[in-house]
Amino acid sequence: MDKPTVGILHPGSMGAAVAACAATNAAGVLWCTQGRSPASAARAEQAGLTPVSTLRELLDRSGILISLCPPAAAEDLARDIAGHTFAGTYVEANAISPERAQRIAGLLGPAATVVDGAVVGSPPVGGKTPTLYLSGPTAATTTVETVFDGTAVRTKVLGTEVGQASALKLSYTAFQKTSRVLAALATGMARQYDVDQELLEVAARRSTSYLAEPEYIPKVAARAWRWGPELEEAAGTLSAAGLPPEMLRAAASTLARWNDAKDGELTLTDALDRLAQP
């Protein structure tokens, strides 16, 4: 089986590092210099990528095209690619919604085969080993897996439906990144009252992630009627400290969906079903 040539769109810190890993099993890895910054050129050179001068050349020479760019630009970039007609495998690996991933598949098809991708983890440098989750047509996901076989980019196929990989990425992002913001707010509130060190000591007693404890969700639902007002109090304290209260008020509003489960016995399915009903 001939090795494919891989093209990388927008070689940022993640894209350049992922592309460098693809070079292990590819015939070559290309990037387009047109309109790119000196910083992009430096990253691409450091990653050992081969420059081409036009997007047309990149598309003509690439059997696999990987899109890793700022999420807001993903659809416009795909629309640009569609205007040039790309006939290979397009890996949409940006942190976008499943609906946007499906729209991109519609934009590029039927000429291209779109694989939905999602990178979870840090760029594959310095011993880091992110996972590239994939969903889409089996033959195409298998080809992408082969490109990264034995590299620092691990791959896992989730299914054949475009949108599954994007859904996983945003599900994880919703918790991971929001929890970081919440940590900043909590620390800022504690610092206003000179108890931030004590907050860290309290937190240090717990080492597991709430995301790994779905069995606790029904307990949250049963206590929502008490937790919501508590978060409203915390939001008021944030506001008084000059910190933004909107996130905690949104959490309190979310808890309100469980108010009728007051101190009840729910299953996880029951709790999640009630959360999904406005």
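Which helices each supply at least two residues of the lining of the largest pocket? I noted α7 (164–192), α8 (196–204), α9 (217–240), α10 (246–255) and α11 (268–275). Helices here are DSSP runs of H or I with at least four residues, and strands are runs of E with at least two, numbered from the N terminus.

Ground rules first. I'm working on a predicted model, where local features need pLDDT of at least 70, side-chain atom pairs count only at pLDDT 80 or more, and totals for chains, interfaces and linings use all residues. Residues are numbered from 1 along each chain as its sequence is written, and side-chain values use heavy atoms, with hydrogens and water left out.

A pocket is an open set of points on a 1 Å grid over the protein atoms alone, where a 1.4 Å probe fits, with protein on both sides within 12 Å along at least five of seven lines; lining residues have an atom within 4 Å of a point. Volume is the space filled by probe spheres set on the points.

Largest pocket: I get about 2200 Å³. Its lining has 43 residues, with F175, S179, L182, Y210 and W227 nearest the centre. α7 gives the largest share, 14 residues. I sorted the lining into 31 nonpolar, 8 polar and 4 charged residues (nonpolar is Ala, Val, Leu, Ile, Met, Phe, Trp, Tyr, Cys and Pro; charged is Asp, Glu, Lys and Arg; the others, Gly among them, are polar).

Second largest pocket: about 450 Å³. I count 25 lining residues, with M14, L68, A95, V119 and K169 nearest its centre. α1 (13–22), α2 (38–46), β6 (113–120) and α7 each supply at least two. α7 has the largest share here, with 4 residues.
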